[in-house]
Structures are given as structure tokens and as C-alpha cells.
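Please read the following report alongside the sequence and the structure, which are shown here.

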Amino acid sequence: MSELFIELFSEEIPARMQRQATENLQRLLCDALGNLSPENIKTFSTPRRIAIRLDIQNTIPAQNVQERGPRTTAPEKALEGFLRKHQAQQSDLIEENGFWVLQKKIAEVSAAEFIAQIFPQILWKFPWPKSQRWGNGSQFTWVRPLHYITCLLDGKIIPLNLAIAEDDAHGLVCDNKSEGHRFLAPQVFDIHNAQQWEEKLLSQFVIADVDKRREKILSEITALTEKSNLQLVPDEGLLNEVTGLVEWPIPLLGKIDEVFMDLPPEVMQVSMRVNQRYFALKNNDGSPANAFAFIANIIPDDDGKLIIAGNERVLRARFADARYFWDQDRKTPLEQRNQLLQNVIFHAKIGNQYERIQRLERLAGYLAQQLNDDEILAKRASLLCKADLTTGMVGEFPEVQGIMGGYYAKHDKEDAKVALAISEHYKPAGPSDNVPTAPISIITALADKVDLLTAFFAIGEKPSGSGDPYALRRAALGIIRIIRENHLRLNIKALFEFAIAGLPKALQASGDLNALVEFIYERLYVQLRSEGSRYDILSAIAPTKQFTDLVELLKKVEAITSFLETTDGKDLLAAVKRASNILRIEDKKDGPHQGKSDQNLFTQDEEKNLATALEKAIAEINTTLQQEQFNEAMNNIATLKGTLDLFFENVTINDENPAIRSNRLKLLSQIDQAASLIADFNQIEK
């Protein structure tokens, strides 16, 4: 095996693109080098470089390859195209089973020769989210101007030719040069292999391994804050972003003026995070600390005093802006701001936010009735929940919408439950976010998400493929989590029908609205899969993807899952499937065989016993299901197992007498009927 090492050194790569870029480099390279068996792969990234090292075979052995061409009876042009594609002559082809077949002999190729052939193509087509041209005339693009291309096989430079026709690709050629830290050690050095490259970079103040750099930031910033008797507010996204901004991280602490400490902590945190990439800190009692942490990319020669002072000055200006918005916004009550929502477009095809809050208020009233909660407070929270969209603070920091509404509602002396509901109505914002648990918050959050789904389905903007610009899948998952985690008994179908009736008349007839319940079902299916639950049982309980009560549905899933984990459950499932399979085959011949079996046609005790057991079980299953005693329902159907075993063991279904045969098949259909009261057992995989 030989070591292949590649470094692509450029101007600063945006932090958000680095991880994906290394993944793309690994994927494209390993796909192309499949015949060289790449292994022991390691990727690297810093703000100015992405790199990869891997082991590969030294050669691709000679091969005999067969390519099947068009039929021998195909038009002549098809054959011409095939020959042109493979640069072959007709004499190179043989006839095989009615097709032209080209037998090619591919000579042995060295790894270096193959890489020189495929790597320029990868670079020309590298999938950056955004890329740019530079210099004069070349069409070669990169995320930022590319300075060096290093491509070494066992330390030897692989000569690459990026030029295409008249395009010299900025004159870029493969070399073995790199640079250290831009400010601390900008000297160019030679690369001999991956280990020497990583060690040399480390000596020149660059930690090339992104995981090591991230760990250094987290451990050193934690130690620094603990030394000051403070704690770091966890922020994985910010930590990852900062890791992509520095090559030699140096943690520092700054002070926040006490005059700003009465600002809402969310505003302070967002302002520090979004504008400056600072880490928020808290005291040991959980209260916001008057300090912040940040990462410098150089080693200061004055213990960082100058850098800290500069960052404190910048943060002071940011907080002064926030203070201005905070003071100005509180001069106008939320209720008065609602009128301004007429100027805030929700969607051009649906209307403005003022019209939307009328729908939310109506939905909240309905939900309060269904859940036996305070209708007046629920309507009030929904009516005011979007008013903060007109405030200066939310205009400056959209991340705190809803949260600021809650603060302003408290200032306006709104009921505490209303204020809390306004601040929580966007929850859960993602899979790791908590769901609201207070009744008014639950209603407001549900109303917001149900209206969002209904409105966008009405205008035909439901998600397709990977596209979901309005985050409707997240809204559906939010509805599911709120209902599941709060054990809400709600008729989902009726809820959507009520929401649809509140839309403008012209939108109520959209055919996509019929897919709303199915959309929730599909998200539930995905969620159960991600949890490792028996999603096939969900298909068995709701085979048409329609349901009304989510909690009832999940109780059934839980009961059947538990039952099927027992030996009796597995045996019964096999017996029910056996009955169903026989019935399906015989129905195709002369069926259907439905209806109640005739006792006068029974000739064996096993038939009589099964008929009696079925009649009793069906009655008991119906009763227990009405009382939502799903475990009892499973126990009732389990009582059939012994009788079923004896029936299959001793009774010949396809009797010579057609009347007896038909009667026995009716017994099987009754087994199917008893099982289908609980689920379609044929949908269950095992």
C-alpha cells in the first residue's frame, strides 16, 4: 500500500463549508479510487485548507471487461453510437444471446498515472455551495482563490495538468508546498508525507485536526471560565463554527458593563453569538454572568489586554443598540402592535400576519374547548403571539422572536400564562428542544403549527423530496411531540377540518388539504423508525395512513409490540398469517368466502370449537377496544391460539365436498375478521 496525501490550500474558507468540503473530498476521491482499495482515511480542515490522507494499492491490475451493446437487430445508428463511445471497431465485437458484446482488455495502470488522470476532473467539478473566479479569464472556480495543490504518493509529487484547451486554470500545478499560521508563522515549507505535514504545521501554530482543535478550544475555555468561578453556556453550533475560524485558538475572557445586565439574557446571548461569535457565561447559580469568552487566533504579547479591550468596546456598542430597542419597544403595548401586522406579509398567496392571528385565535378557542382549558387566555395568547414581529429588537435579532413577545407581554401586565405561551409558541424548535407543557402554551404552539401546515398545503406548497423551505416537516414533528409528550386526546382529523374552515374560501377546496393527516402519519412513521420502534406495526394499525387519535394509535402500537415479543404472540401471528394466506389463495379461485359459517356443515369437533371460540373472542375484542384496553384485546385474541393449532392440525380445508370446503374457508375469514379488529397482521414483518 502507498500513502496518498492531498492538501488544497486557499484563502479563508467559510467555517460552515469546511466539514462538508472534507466529506465531499473523501467521497469523490474514494469513489474514483475504488479500484485502488482506499483505506485508513483521515481528513483535515482549517480556515485555509482541506486535506486528506489515505492508503491505496500501487496499481490497478490488468482486466478483461465485457460491455454489452445494442441488440444485433437494433438500428445501425445505435451500433455506431456504442462503437464511438468505446472507441472500438465492429471487428472488436462478438454476438452473444442476440446482443453485440465488446470485450476489452484494460492494461495495468499505476496508481500515480490513474490519479493524475482523475484528480483534475474532481477539482474542476468540486461541489462548493458557492464558488468564485479570480485572476484573468480562467473558468476554474474554488470557494476562494486556490494557492497550492499538493498531491503526493509516497512523498513523490504526482504531476497534474488542470489546463483544459485554452484555459490554464490559473496556472495551478501540483507541488509539495504549504504555509503555516498566517500571522504567527507564514513561512512556506516542503511537505514529504502526511505525518511530517501535520507535525510541521503544529510547529508553525496550525492544528490541522479539526477534532483536536475543537477539543483544545472547549477544554481551555472551560478551564479559563472555571478559574473565574463561572460556567460556559453550552452552544455546540457556536463551538463548531469557532473551530472553523481559527488555526491556533487562544481563549480569552472579557467583561460586560453592569449597565447592560438588565437586558433579557436571550438578547445578550444572541447578540454575542450572532454578531461576534462570543460565548455566553453564567454564574454557578445559573444567572447570566457579566463576562464573556472568545477565541483569538494569535498569541497576544500583553496577556490579551489590548484584544480584550477591543472586543469589550465592540460588544458595548452592540449592547447599546439592544438597549435602545428594548427601551423603545416597551413604549408600545403588544395589543396596539397587532394592527401593524397588517403590513407584515405571511405569504403572498395567503395574506398578512394580522389575518393569520385571527385564524390562530379561532383555532386556540377550538383547542381550549377540546382540551377543557381556559378559552379566554388561549385566545389572548394566540392573538398577541406574533405582535413582536413589529418590534425593533426582533427586526435586529430575528432569533428572539416569540421570546421577546413574552418579555413585552409581562411588561404590559398580561396574564403570566399568556406571556409564557407567547414566549414558547415556537417550541419545539428542533429535535433537541423541549416541548411546551403549560396548557395555554400547548394550545398556542399547536394552533401556530396546525395553521402553518394547513395554510401552506392549501396553496400547494407542501414539501417534496428534500425541499421543505417553510419547515413544514419540523412543524408536523412538533405537533406529534406536543401531543405525545403531553398525552393529549385530540381528534387530529377534526382539528385539521376546523383549521381548513378558517382559511379564505378560495383556498378551502385545495386537493392537497386531504393529505394533511397522511402527512402527520408519515412523520410519525419516520419518528418511530428513528426511535427504533416497530414502525411496521404502525402500518398494520393504520394501513390507509389515516387516524384520528394519535395517543390511541400509539397505545395500540405499544400493546401489539409487547404482545408480539412473547412466544404466544409470535405463534398467533404465524397462525393468523397462515389463515390469511390460505384464504387469499382460495378467494382467487372462487371467492370471496365471507359471512358466518354454518354449524350444520361442521363435521369435526375442531371446527365447532373454533367457531365458538371466534364468536366469543370477537365480542370480547370489540368490548375491550371500545374501553381502550388494548392489552386485554391482545389477550382475547391470544385465547384463539390453542383452538387454531388444533384446527390447522386436524382439519383439511379443501374438502372434496364444496359446501364443507366453503364453510371452512368462512371460518378462516372470521379469523381474519377477528385479527383485523386490532390490526392488519399481514403488514407486520415478524
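## Basis of the model

The model is predicted, so that local features need pLDDT of at least 70 and side-chain atom pairs count only at pLDDT 80 or more, whereas totals for chains, interfaces and linings use all residues. Residues are numbered from 1 along each chain as its sequence is written, and side-chain values use heavy atoms, with hydrogens and water left out.

Helices (H or I, at least four residues) and strands (E, at least two) are DSSP runs numbered from the N terminus, and two strands are said to pair if DSSP finds at least two bridges between them. An open sheet of 3 strands has the order 5-7-6, with antiparallel pairing. Strand 5 (63-71) and strand 6 (93-96) are the edge strands; each has a single partner strand, so one side of each lacks a neighbour in the sheet. From one strand to the next, the twist averages 35°.

Strand 5 pairs with strand 7 (residues 99-106) in the antiparallel sense over 7 bridges, and glutamine 66 lies opposite glutamine 103 of strand 7. Helix 2 (residues 76-86) packs on this sheet and touches strand 5, strand 6 and strand 7, while its direction makes about 155° with that of strand 5. Contact here means heavy atoms within 4.5 Å, and such angles run from 0 to 180 degrees between N-to-C directions, with axes fitted as lines to C-alpha atoms, for helices over the stretch in contact.

## Strand 9 and its partners

In strand 9 (residues 146-153), 7 of the 8 residues are buried, where buried means under 20% relative accessible area, exposed over 50% and partly exposed in between (1.4 Å probe, protein chains only). Strand 1 (residues 2-10) pairs with strand 9 in the antiparallel sense over 7 bridges, with leucine 4 opposite leucine 153.

Strand 9 also runs parallel to strand 11 (residues 174-175), joined by 2 bridges, and antiparallel to strand 10 (residues 156-157), again through 2 bridges. In the hairpin of strand 9 and strand 10, which has 2 residues between the strands, aspartate 154 takes a positive phi near 50°.

## Cysteines and a loop residue

The structure holds 0 disulfides (pairs of cysteine sulfur atoms within 2.5 Å). For cysteine 151, the nearest cysteine sulfur is that of cysteine 174, 4.9 Å away. Cysteine 151 is buried at 0% relative accessibility, and cysteine 385 is buried at 1%.

Asparagine 338, in the loop between helix 9 (334-337) and strand 18 (345-347), is buried with a relative accessible area of 5%.
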